[in-house]
Amino acid sequence: MFNLEKSIADWRRQMLAGGIKTPVPLEELEIHLREDIAQQMQSGLSAQQAFGIAVEKIGHAPELKREFKK
């Protein structure tokens with residue numbers, strides 16, 4: 001069974017491993033992730049589907065790291 005909180009914790013670990021190491025950007029990204037998940041779920045998607053869509057919208061660690069450097 002899908003566990004949203006575990007998936008978010010795993011996502012945070014992936015972000016840290018990918019180079020997003022400072023707390024403020026990581027916290028902001030998690031806030032956006034959670035907001036997007038909530039919005040997707042209100043639209044009728046499951047937690048798993050909403051999580052997948054939200055992660056894709058936010059992007060992957062290497063891309064985000066480059067954006068934060070700008």
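Leu-45 touches Gln-40, Ala-50 and Ile-53 when residues up to four places away in sequence are not counted; a contact here means heavy atoms within 4.5 Å. The residue sits in the loop between α2 (23–42) and α3, where helices are DSSP runs of H or I with at least four residues, strands are runs of E with at least two, and numbering starts from the N terminus. With a relative accessible area of 26%, Leu-45 is partly exposed; the scale used throughout calls a residue buried under 20% relative accessible area, exposed over 50%, and partly exposed in between, with a 1.4 Å probe and protein chains only. Seen from Leu-45, Arg-13 is 32 residues away along the chain, and the two C-alpha atoms are separated by 25 Å.

The model is a predicted one, in which local features need pLDDT of at least 70 and side-chain atom pairs count only at pLDDT 80 or more, while totals for chains, interfaces and linings use all residues. Residues are numbered from 1 along each chain as its sequence is written, and side-chain values use heavy atoms, with hydrogens and water left out.

Helix α2 supplies the next two residues. Gln-40 belongs to helix α2 and is buried, at a relative accessible area of 13%. Beyond the residues up to four places away in sequence, Gln-40 touches Leu-45, Ala-50, Ile-53 and Lys-57. Asp-36 also lies in helix α2, and its relative accessibility of 10% counts as buried. Once neighbours within four places in sequence are set aside, Asp-36 is in contact with Ala-54 and Lys-57.

Turning to aromatic side chains, the structure holds 1 aromatic pair. The ring centres of Phe-2 and Phe-51 are 6.0 Å apart and the ring planes meet at 50°, so the pair is tilted. For this assignment, rings of Phe, Tyr and Trp (its six-membered ring) pair if their centres lie within 6.5 Å, and planes under 30 degrees apart count as stacked, over 60 as edge-to-face and the rest as tilted. Phe-2 lies in the segment before α1 (4–17) and Phe-51 in helix α3 (residues 47–58), so the pair ties together parts that are 49 residues apart in sequence. The two partners fall into separate accessibility classes: Phe-2 is partly exposed at 28%, whereas Phe-51 is buried at 14%.

Lys-21, in the loop between α1 and α2, is exposed, with a relative accessible area of 58%. Although Lys-21 and Lys-65 are 44 residues apart in sequence, their C-alpha atoms are 9.3 Å apart in space. His-60 is found in the loop between α3 and α4 (61–69) and is partly exposed, with a relative accessible area of 38%. Its C-alpha atom is separated by 9.7 Å from that of Trp-11, a residue 49 positions away along the chain.

The C-alpha trace spans about 35 × 20 × 15 Å along its principal axes. Of the 70 residues, 31% are buried. Among contacts with a separation of 6 or more, residues 24 or more positions apart account for 56%. The chain exposes about 4,800 Å², of which carbon and sulfur atoms supply 55%, with areas from the Shrake-Rupley method and a 1.4 Å probe.
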